[in-house]
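Here is a short walk through one protein model, starting with a pair of helices and ending with its pockets.

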Amino acid sequence: MTCLGIIGGSGLEHFPELEGSVSLSVATDWGTPSSPLQKGQLGGVEAVFLSRHGETHSIAPHLIDYRANIAALAEQGVEAIVAVNVVGGIDPEMCPGDLVVPRQIIDYTYGREHSFFDGREQPLQHIDFTYPYSESVRERIVSNAIGLGLNLHSHGVYGVTQGPRLETAAEIERMARDGCDIVGMTSMPEAALARELDIPYACLALVVNPAAGLSETEISMDAIDQMITEKMAEVRRLLVAIARSFDQ
């Protein structure tokens, strides 16, 4: 039976749907993960939940110990990871409230620890990252979203920026020229680290605002928070359905 890992992003710091959960405070060779792990049952399968920004949403994207987070999930035996991200929409068809399951990544981050195997603490290794997200996990997300009647885009390029500030209008123009459809701050190096440990990984992104310069109004953090509040229930419902599909 699969053990499913779920990484919660902004607005998903807790996951009460996890039944019979126990809290595990763990340490790894790479440090302490962002939050205690919550381990229990979800949709009939074993699941482990981790809050990426911490239980009080206090860890900035560039300061997250991504290696510790992925290592902690691996040590619990997770066999697949669904990572929830809150993003801005660059493609005009990807509107606030929509869900996106991206296929590709463009990484604009810097200074983050990107590898377990960088030749310092572990022998240097190279990985094939041509297709950064697991197609099998993506297909589970998409099929279950369709089954629930949710508005979801089954493609897209995720542009990953450093944060914690939002982007300038010129940066978004550049990212659009590069081919990015959505913009966020946390899919890298998370996806690459999961690949290094051979854990199938996919992103479930919630669009909460048009990216900088793409709306006639300024970006409002209050409006973003409201969108997260309104739509995170759909994300939770979808995660339960995805977990249930691993038991079929």
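Two packed helices are described by the angle between their axes and the distance between the axes. The axes of helix H2 (residues 135-147) and helix H5 (residues 221-245) come within 9 Å and cross at roughly 120°. H2 and H5 are therefore oblique to each other, since angles under 35 degrees count as roughly parallel, over 145 as roughly antiparallel, 65 to 115 as roughly perpendicular and the rest as oblique. On the H2 side the contact (heavy atoms within 4.5 Å) is made by Arg140, Ile141, Asn144 and Ala145, and on the H5 side by Leu238, Ala241, Ile242 and Ser245. These residues divide into five nonpolar, two polar and one charged.

This is a predicted model, in which local features need pLDDT of at least 70 and side-chain atom pairs count only at pLDDT 80 or more, while totals for chains, interfaces and linings use all residues. Residues are numbered from 1 along each chain as its sequence is written, and side-chain values use heavy atoms, without hydrogens and water.

H5 gives four residues, the largest share of the lining. The pocket has a volume of about 500 Å³ and is lined by 28 residues, with Ser10, Val86, Leu166, Met185 and Met221 nearest its centre.

The second largest pocket has a volume of about 220 Å³. Leu166 is among its lining residues too, as are Tyr108 and Arg174.

Notes: Axes are lines fitted to C-alpha atoms, for helices over the stretch in contact, and angles run from 0 to 180 degrees between N-to-C directions. Helices (H or I, at least four residues) and strands (E, at least two) are DSSP runs, numbered from the N terminus. Ala, Val, Leu, Ile, Met, Phe, Trp, Tyr, Cys and Pro count as nonpolar, Asp, Glu, Lys and Arg as charged, and the others, Gly among them, as polar. On a 1 Å grid over the protein atoms alone, a cavity is a set of points where a 1.4 Å probe fits but cannot get out, and a pocket is an open set with protein on both sides within 12 Å along at least five of seven lines; lining residues have an atom within 4 Å of a point. Grid points are joined across faces, edges and corners, and a volume is the space filled by probe spheres set on the points.
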